[in-house]
Amino acid sequence: MNLPLLVAEDVVAGYRASLPIVHDASLQVAPGEILVVLGPNGAGKSTLVKSLAGTCPRFSGRVRLADKDVSALAAHQLAAAGIGFVPQTANIFTTLSIEDNLRAGAHLLERPLLRRRLDEAWARFPDLLVKRRLPGHALSGGQRQMLAVARALMMAPRVLMLDEPSAGLSPLMVGQVFRQVRAIADSGIAVLMVEQNVKAGLAIADRGLVLVGGRVAHQGAAAALRGDPLLAELYLGRHGAPADAGAAP
Amino acid sequence: MLSYLLFFITVASILSIATLGLNLQWGISGQFNAGVVGFVAIGGYTLAVLSMPATERLLVQWNLPFAVALAASLVTSAAAALLVGLATLRLRSDYLAIATFGVGSAIQLLANNLEPLTGGSRGLVGIPRPFEALGAVGFAWAYAAIVLTLLALCYAALQALLHSPWGRVQRAMREDESVCAALGKNVVRLRLSSFVLGSVLMGLSGALYAGFVGTTSPSEFMPILTFQIWAMLIVGGSGSNRGAIAGTFVVWGLWTLSGAFIGLLLPPRWQAQAGALQSILVGLVLVLTLLLRPQGLLGARRAA
Amino acid sequence: MIAQAIVDGLLSGAIAALGAIGVTFSLSILRFANFSHGDLLGVGAYGALGVVLLTAVSSAAKTLDAPLGPFSFGWLLLIGLIVGIVVAVAIALLLERWVYRPLRQRAADPLTLVFASFGLALLLRSLILLLFGPDPHQYSTEIQMALRLPGPVLVMPDQILVFVVTLGVLAGLWLFLQRSRHGIAMRCVAENPSLASVAGIDTAATVRMTWIVSAALAALAGVLYGVTVQVRPEMGIGLLLPLFTAAILGGVGSVPGAVLAAFLISLAENLLSLVMPGSYKPLVPFVLLLVVLYVRPQGLFPIAGQK
């Protein structure tokens with residue numbers, strides 16, 4: 001059993017301090033494993049992952065990366081520390097070319113290292129190499145998603161977080177993206193993935209966590225969750241949901 | 001002494017009307033007018049142009065009565081406000097600032113250049129004034145009475161407006177526009193109406209000023225006026241009509257005092273630069289209030 | 001006549017282009033209308049003037065002031081240019097640290113920064129007035145021999161140099177934005193500050209870089225304006241509206257757009273003054289601004305991520 005690499009403890013997050021969306025959420029992800037975060041609409045999944053990436057305010061709670069407390073770091077410092085994030089929307093720079101998008105992702109790197117990472121990106125995503133001079137706004141949904149992931153990988157993060165990577169993609173593309181995510185995890189990176197599509201998410205994940213009304217309602221091994229009737233109930237809000245499951249927006 | 005005091009009160013009251021207008025635009029509905037002087041000047045020039053007696057070199061020689069010209073100045077300032085208001089209605093908030101700044105510069109240019117209409121850089125002299133027949137003292141008292149009455153009326157009307165449903169929506173909109181829009185309020189039209197009304201007050205102020213001093217020229221309406229009125233608003237505490245009037249008196253008092261000081265102490269050669277000192281003070285008031293006492297700018301409720 | 005108007009338009013458009021780039025940066029990266037940008041041009045111009053005025057007290061300065069070749073200025077003005085740029089950049093960074101950053105960190109209202117810049121504009125302008133007085137200045141009283149080009153078009157050597165320098169600077173800026181790490185960071189923050197920080201870009205550092213580039217360009221524009229026209233305290237406020245118009249017409253955030261628009265506005269001003277009295281020239285930017293706002297507010301080359 002791997003030691004967890006990313007640890008979040010009692011995170012309270014939201015956009016206004018008077019109205020937190022995520023309450024006392026705790027989770028852990030180990031290297032090489034995929035933790036999928038599930039939950040009905042409005043449960044706060046996006047808010048949670050954004051607060052871990054630093055793009056949404058976190059009002060209390062701690063975040064650790066291995067043995068280092070990164071709770072006080074700003075978004076760009078988290079990226080430098082090894083936490084990569086792929087947002088759900090607006091996740092590439094549409095006015096930059098594919099190559100410049102990747103360069104932006106490697107902003108902090110020295111030239112030789114940047115060159116190496118760029119070559120690794122082309123190797124992992126040969127489709128992007130072919131189109132490297134195309135501007136972001138000319139890409140299809142699937143290509144954008146690939147570029148977004150490639151950009152996050154430029155820093156060789158130890159933790160990769162993705163917010164609904166399958167959103168708006170065709171089933172074929174979803175399969176491709178998820179295969180990439182699995183391969184990324186298999187290379188030793190800890191992956192945290194928010195996913196709306198329960199079945200597909202659990203299919204590639206090692207563990208799952210269910211967020212309802214901003215609180216962690218349930219978690220466990222993905223295999224166990226796959227057949228768990230409790231999951232359906234939580235989604236439909238019938239039984240076992242936390243007291244103030246004001247989930248529906 | 002008394003006549004000077006009367007003069008001061010008259011001018012300060014005239015300026016207060018403009019400050020009330022700015023309060024409506026900024027303090028109540030959160031819109032930034034960077035060209036206040038332009039709207040004031042439009043009012044002043046409208047009154048002047050329409051009431052000037054027939055003179056050879058002038059294009060417009062209608063010699064209209066004071067009250068009619070006054071009413072007309074409200075219309076022209078409203079028109080100018082609509083012109084820029086409609087242009088920037090659905091655009092980012094700083095575009096209105098840029099457009100109003102444009103109005104300020106454009107009016108100054110037009111005033112300087114449209115000689116047959118505005119008298120060019122010399123301006124229009126000898127504007128017929130009401131109650132002139134009463135002699136200098138009589139005129140001073142009568143005009144002060146008119147101005148104070150109008151100020152009181154404007155104040156009362158604005159207070160009533162603020163406590164009306166319209167006023168409540170305006171303030172709610174300033175707090176959180178998206179909520180108001182969600183409630184079905186026509187945010188765009190509300191903002192525009194507030195902006196136009198505020199500009200009308202500024203035009204009224206300009207017209208009253210022209211009628212008081214009897215002349216208009218580009219040097220009566222210099223860019224510094226915009227900053228002066230802003231300072232008057234935030235010294236008094238924006239959002240409050242009473243504060244707007246109080247702030248006007250305070251700032252105008254300080255301005256004229258410092259101006260008198262400079263005139264007495266310094267030789268003429270240095271006076272332009274000493275005027276720069278006054279401007280620096282105004283600039284400091286604006287910036288320091290923003291940094292140190294934001295409630296002066298944002299209103300007590302919303303101190304950041 | 002038309003040829004002369006076109007050439008004049010190109011020459012003054014070049015200066016406006018340098019100033020408009022700073023405005024488009026502040027609207028897109030800093031995300032507010034910076035009313036003190038015009039006065040940064042003034043600061044640059046007056047910084048250089050301060051150096052040039054040293055000829056009154058220093059004979060070394062006098063020697064350095066001897067005109068170079070066909071131009072009206074000497075090495076002294078080049079030193080003055082550097083001083084002007086340094087002063088403008090320093091002021092911009094100081095204001096960012098002491099005024100804009102604190103306000104950005106606590107203000108809910110984006111207009112707060114606009115208001116601050118408005119007050120700062122008055123302060124900068126008044127300080128210049130206090131230090132240098134209200135009268136216009138020239139960097140040099142040298143009489144230049146005009147060049148006669150086909151047209152017939154009369155052009156001063158200074159003006160040609162200004163145009164060439166501007167083209168060079170624009171080319172350098174283009175390379176900077178396209179190739180360098182900081183340039184790419186600026187473009188990222190212009191489009192999407194949140195994504196930029198997730199990618200590891202320190203937006204505060206990018207903001208500082210933006211101020212440096214904008215202030216340097218503004219100071220250069222101010223000095224070039226001083227060389228070809230004159231230096232006076234209200235030069236900043238007089239240039240502000242055309243600069244805003246150019247940035248908006250070009251499409252906020254687009255450097256090529258701002259440059260093209262600056263040239264278009266300048267050409268329009270000069271061509272229109274062939275058919276209307278020259279004193280109406282300054283009205284052209286305002287009319288164009290209204291037209292753009294009514295007809296195509298996103299400008300010629302809209303950039304994603306801008307409203």
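I started in the sheet of chain A, where Val7(A) has Arg64(A) of E4(A) as its bridge partner. I am working with a predicted model, so I kept its limits at hand: local features need pLDDT of at least 70, side-chain atom pairs count only at pLDDT 80 or more, and totals for chains, interfaces and linings use all residues. Residues are numbered from 1 along each chain as its sequence is written, while chains are lettered from A and ligands numbered from 1 in the order in which they are written.

**Entry: the sheet of chain A**

I noted how elements are named: helices (H or I, at least four residues) and strands (E, at least two) are DSSP runs, numbered from the N terminus. I count two strands as paired if DSSP finds at least two bridges between them. E1(A) and E4(A) pair in the antiparallel sense over six bridges. I then checked E1(A) against E2(A) and found antiparallel pairing over seven bridges. Ala8(A) has Leu27(A) in E2(A) as its bridge partner. These two strands, E1(A) and E2(A), form a hairpin with two residues between them.

Next I followed E4 (residues 58–65) of chain A to E5(A), and I found two bridges joining these antiparallel strands. Leu65(A) stands opposite Lys68(A) in E5(A). Put together, I have an open sheet of four strands in the order E2-E1-E4-E5 (chain A), with antiparallel pairing. Strands E2 (19–29) and E5 (68–69) of chain A are at the edges and have a single partner strand each, so one side of each lacks a neighbour in the sheet.

I also looked at what crosses the sheet. Helix H1 (residues 45–53) of chain A lies across E1 (6–16), E2 and E4 of chain A, and runs at about 110° to E1(A). For that angle, axes are lines fitted to C-alpha atoms, for helices over the stretch in contact, and angles run from 0 to 180 degrees between N-to-C directions. Contact itself asks that the C-beta atoms of two residues, placed from the backbone, lie within 7 Å.

**Entry: positive phi in chain A**

Asp10(A) has a positive phi near 50°, and its place is in strand E1 of chain A. Ala90(A) also has a positive phi, about 50°, although it is not a glycine; it lies in the loop between strand E6 (83–86) and helix H3 (98–105) of chain A.

Are these two buried or exposed? I call a residue buried if 20 or more other C-beta atoms lie within 10 Å of its own, exposed if 12 or fewer, and partly exposed in between, with C-beta atoms placed from the backbone. Asp10(A) is exposed, with 11 other C-beta atoms within 10 Å, and Ala90(A) is partly exposed, with 14.

**Entry: how the chains meet**

Which of the two pairs of chains that touch has the most contacts? I found the most between chains B and C. Chains A and B have no contact, and their closest C-alpha atoms lie 14 Å apart.

The contact of B with C takes 36 residues from chain B and 41 residues from chain C. On the chain B side, H3 (66–88), H4 (93–113) and H12 (271–292) of chain B each give two or more residues, and H12(B) gives the most, with 13 residues. I sorted that side of chain B into 25 nonpolar, nine polar and two charged residues. Here Ala, Val, Leu, Ile, Met, Phe, Trp, Tyr, Cys and Pro count as nonpolar, Asp, Glu, Lys and Arg as charged, and the others, Gly among them, as polar.

H10(C) has 15 of its 16 residues buried, so it is largely enclosed by the rest of the structure. Gly251(C), with a positive phi near 100°, follows H10(C).

Last, I looked at H12 (residues 283–295) of chain C. Its buried residues include Val284(C), Phe286(C) and Leu293(C). The buried residues of H12(C) pack against H3 and H4 of chain B together with H10 and H11 (255–272) of chain C.
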